[in-house]
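Here is a friendly briefing to read alongside the model. Please keep the viewer open as you go through the points.

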Amino acid sequence: FYTYTKRVAEQLVLQTASSSSTDPARRVLYAVALRPSGIFGEYDPLFIPTLVSRARQGRMKYIIGSGRNAMDWTYVKNVAEAHYLAAEALQESDKRAKQLTGKAYFITNGDPRSFWGFLGSILQGLGYPPPRHRLPFALVYSIAWLVVLIDAVARLLGRSLSTDFTPGRVLLATCERRVSCAAARRDLGYNPRFSIE
């Protein structure tokens, strides 16, 4: 639902921005959508705390699939700067705002990393061992669907497994997730100032 609601919200904003009135007496919404990928950094209430919690439980020993799938990560201060640049570009002039409005821009560090290698580096930096043991994708994905089935039966009986081990999470951890921020560089002047290191 999180991803779905983000998509619907983005569509609503971009459609509204794109179809804004040309009548000067009516207000016009100038807007772009920023799509940061894999945000990490200071004050993160979810990614790092969840990673640490799983490492403490011994659940970060395993790599699902080949372990070679790459992902674009984005340091939070680069995301903040992208927002600032987008706001500045939309306020530069009506002509510029009209050129940009209704567009979506991916924001990344421009430095895709192995999903499992990135997690391993963070874990090592926090004093935990990186994931080392490989599990076949098909096996883990099948087990995740079995867990969904068991949870559905448990819910019928008034109970729940309360697990985040889902087929969707398995897919996210094993798919290739790389995007280009070239349009943000070109149109907004975005250039990630802070490296992943």
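The buried residues of helix H1 are Glu10, Leu14 and Ala17, where buried means under 20% relative accessible area, exposed over 50% and partly exposed in between (1.4 Å probe, protein chains only). They sit on the same side of H1, because they cover an arc of only 60° around the axis; the arc is that of the directions from the helix axis to the C-beta atoms. This is a predicted model, in which local features need pLDDT of at least 70 and side-chain atom pairs count only at pLDDT 80 or more, while totals for chains, interfaces and linings use all residues. Residues are numbered from 1 along each chain as its sequence is written, and side-chain values use heavy atoms, with hydrogens and water left out.

**Helix H1**

- H1 runs over residues 2–18; helices (H or I, at least four residues) and strands (E, at least two) are DSSP runs, numbered from the N terminus.
- From first C-alpha to last, the 17 residues of H1 reach 24 Å, close to the 24 Å expected at 1.5 Å a residue (1.5 Å times one less than the number of residues).
- Strand S1 (33–36) and strand S6 (104–107) are among the elements covering the buried residues of H1.
- Leu12 and Gln15 are exposed, on the face of H1 turned away from its buried side.

**Helices H2 and H5**

- The axes of H2 (residues 47–56) and H5 (residues 115–125) come within 11 Å and cross at roughly 75°; axes are lines fitted to C-alpha atoms, for helices over the stretch in contact, and angles run from 0 to 180 degrees between N-to-C directions.
- H2 and H5 are therefore roughly perpendicular to each other (65 to 115 degrees).
- Phe47, Ile48, Leu51 and Ala55 of H2 make the contact with Phe118, Leu119, Ile122 and Leu123 of H5, contact being heavy atoms within 4.5 Å.

**Positive phi in loops**

- Tyrosine 43 is not a glycine, yet has a positive phi of about 60°; its place is in the loop between strand S2 (39–40) and H2, and at 83% relative accessibility it counts as exposed.
- Serine 162, also not a glycine, has a positive phi of about 50°. Serine 162 lies in the loop between helix H6 (137–156) and helix H7 (167–174), and its 68% relative accessibility counts as exposed.

**Cysteines**

- The structure holds 0 disulfides (pairs of cysteine sulfur atoms within 2.5 Å).
- The sulfur of cysteine 175 is 18 Å from the closest cysteine sulfur, in cysteine 181, too far for a bond.
- Cysteine 175 is partly exposed at 30% relative accessible area, whereas cysteine 181 is buried at 5% relative accessibility.

Definitions and conventions
Angles under 35 degrees count as roughly parallel, over 145 as roughly antiparallel, 65 to 115 as roughly perpendicular and the rest as oblique.
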